[in-house]
Amino acid sequence: MAQTTGNTASGVTWNLADLYQAVNDPAIDKDLAAALRRAKAFEKKYRGKIKALKPTQAKTLLTAVVELESLSEQMDRPAVFAGLLHAGKTDDPKHGALLARTQEQRTQINKHLIFFDLEWVAVPQPTAKKLVAHASVKKYRHWPMQKRVWKPYYRSEPEEKILDAKQMTGRSAFGRLFEETTASLTCPFAPPSPPTPLPEGEGGMAREISVQEILAKLYDPDRAVRKAAAEGLTKGLQSQSRLLTFIFNNIVLDHRTDCELREYPDVMTPRNLANEIDGKVVEALMSATETHFSLVQRYYRLKGKLIGIEQLFDYDRYAPLSGELPRCDWPTARSIVQESYDAFSPDAGGIVRTFFEKSWIDAELRPGKRGGAFSSSAVPSVHPYILLNYTERIRDVMTLAHELGHGVHQYLSRGQGYLQCDTPLTTAEMASVFGEMLTFRRLQELYPGAKERLAMLCSKIEDAFATVFRQVVLTRFEQRLHAARQKQGELDADAIGTIWMEANQAMFGDVVTLTDGYRHWWSYIGHFIRSPFYCYAYAFGELLVLALYQKYKQDGAAFVPKYVELLSAGGSDAPHKLLAKLGVDVTDPKFWELGLRLLGDMVSEAETLAEA
């Protein structure tokens, strides 16, 4: 696969030297060896003492937690570096070897630390409350108490060590196999005849392109190009169908086995516990969203009229309107996003500027690079890093804004330390979606014409639908997939495809026809592999941000410092407690209706603009 020619993001790569200089940097082994020595010393010093803590020994708990935090960061830093190297070039054997080595050594170090969690959850609840209530432990108050909610699901120490060690040849190994397979996957793309003009140097003949490149063509104004892209993506996925189907089956089985061994009530419990959210709140979110599927259908009826297509197919969903916005080169995207954050908060804008100026972003398209986009919090003593695949479309500007929202959040929360800097997934998506909203409003200012405004609004509606309705669909698909795998045993690609089609068709009704090839499109979605049941967090984040943005419009500048303070808090308290400071109650089932109504208002606005 050749790198896309003429892409203005070419050469925009990250500089990982703040972590380590290179794949063979001797500092990597030095840190791993030091972390192992420290872990052994930590175990020798505190084994047997944590479970015997008295209410008056808060300073002993504090000293242990501070040391644990420091050595945990040191032990994880090499694996973070290796993971970023591997994501940037999955087909480099040296990167894969380093990733495996650092993960294996991390497991060896961690076996000396597992005792701490087990002893801490064994401390009687009244004693634990008194310990964390001490003024000296104030900074770490939330982390130890959140650890205790997992108490029913911990196993014995020997069992915990086995489970931790086996992940290397279980979920972690299959996750890496999935990443390398999809990153190297190419799809045949045959331009329609007569050929649509292509960028200089690409020619007009059929060629193999990456999954990221072919997904970008689903946004092409030429329906024949979109159809060819959909067919090419299907063929590319089919070429690896047997392997991807096996990986999915194995990941689902591994997850169920883990849940059974730990005696979780259901397969979503570990995700909900990690997100610090009650399963009833998640179900209320998803059920409320599903009752508004008619809104999706209403919008796509409008879109069919706007683009002159009586019956939409799956490859028409992201077709641009006639007032299509121009392609956006990297310098312009950088300027737009920078201005968006600057206008909201000079502090946030300054952080964003640092990401660009210090090369903390990897945006170019290249062979072997992991698809999609992410922001890695890395370690607090360094800074976050962002990966995306920039294809010069307006939607990529939104992706850049999204990941920089994560980056700003992660950068601000570093002050909470390694144990509490990261947030649950639900609030982790808050800053990213808020950043998208800021950038969307900036784009509306830049393209004020009626056609452009409608095109921009429709693009935002489609992004919001993909973040709310589609993510609920993906979560329902996962639920049904896990249930079917348990009941029927290993599933073939067709059986999974049937579950996939049924889950998606419920959202589109009879307004969008799903082609037979679409039944294979579950197989490239990495969240199912990396983080089972992750997807509902996107819907949570989008609906939360719609409410927060309304408060921003109402409160103006007074909202900004409260929001920045919220981001700086990281994971130092439960999400619902942190959000309550902004007047938001996410535990109220009616809360989700507010965001869904706002989405309805956006569709109504699009209908009005279309009539103008």
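Analyst: Three strands make up an open sheet with mixed pairing, in the order β4-β6-β5. Strands here are DSSP runs of E with at least two residues, helices are runs of H or I with at least four, and both are numbered from the N terminus. Two strands count as paired if DSSP finds at least two bridges between them. The edges are held by β4 (361-362) and β5 (374-376), each with a single partner strand, so one side of each has no neighbour in the sheet.

This is a predicted model, in which local features need pLDDT of at least 70 and side-chain atom pairs count only at pLDDT 80 or more, while totals for chains, interfaces and linings use all residues. Residues are numbered from 1 along each chain as its sequence is written, and side-chain values use heavy atoms, with hydrogens and water left out.

Within the sheet, β4 and β6 (residues 385-387) run parallel and are joined by two bridges. I361 stands opposite I386 of β6. Helix α17 (residues 394-412) lies across β4, β5 and β6, and runs at about 15 degrees to β5. Such angles run from 0 to 180 degrees between N-to-C directions, with axes fitted as lines to C-alpha atoms, for helices over the stretch in contact. Contact means heavy atoms within 4.5 Å.

The loop between α16 (346-357) and β4 contains S359. S359 is not a glycine, yet has a positive phi of about 60 degrees. Its relative accessibility is 30%, which counts as partly exposed; buried means under 20% relative accessible area, exposed over 50%, and partly exposed in between, with a 1.4 Å probe and protein chains only.

F533 sits in the loop between α22 (527-530) and α23 (536-555), and is buried, with a relative accessible area of 0%. F533 is also among the contacts of H255, together with R171, V267, P270, H482 and P532, leaving aside neighbours within four places in sequence. H255 belongs to helix α11 (residues 241-262) and is buried at 6% relative accessibility.

Elsewhere, the axes of helix α13 (residues 279-290) and helix α20 (residues 469-488) come within 10 Å and cross at roughly 120 degrees. On the α13 side the contact is made by E283, M286, S287, T289 and E290, and on the α20 side by F469, V472, T475, R476 and Q479. These residues divide into three nonpolar, four polar and three charged; Ala, Val, Leu, Ile, Met, Phe, Trp, Tyr, Cys and Pro count as nonpolar, Asp, Glu, Lys and Arg as charged, and the others, Gly among them, as polar.

Strand β1 (residues 186-189) has C187 and F189 on a covered face, and T186 and P188 on an uncovered one. In a regular strand the side chains alternate between the two faces of the sheet. β1 runs antiparallel to β2 (residues 207-210), with four bridges joining them, and P188 has E208 of β2 as its bridge partner.

C187 is buried, at 0% relative accessible area, and C458 is buried at 1% relative accessibility. The closest cysteine sulfur to that of C458 is in C328, 19 Å away, too far for a bond. A search of the whole structure finds zero disulfides, a disulfide being a pair of cysteine sulfur atoms within 2.5 Å.
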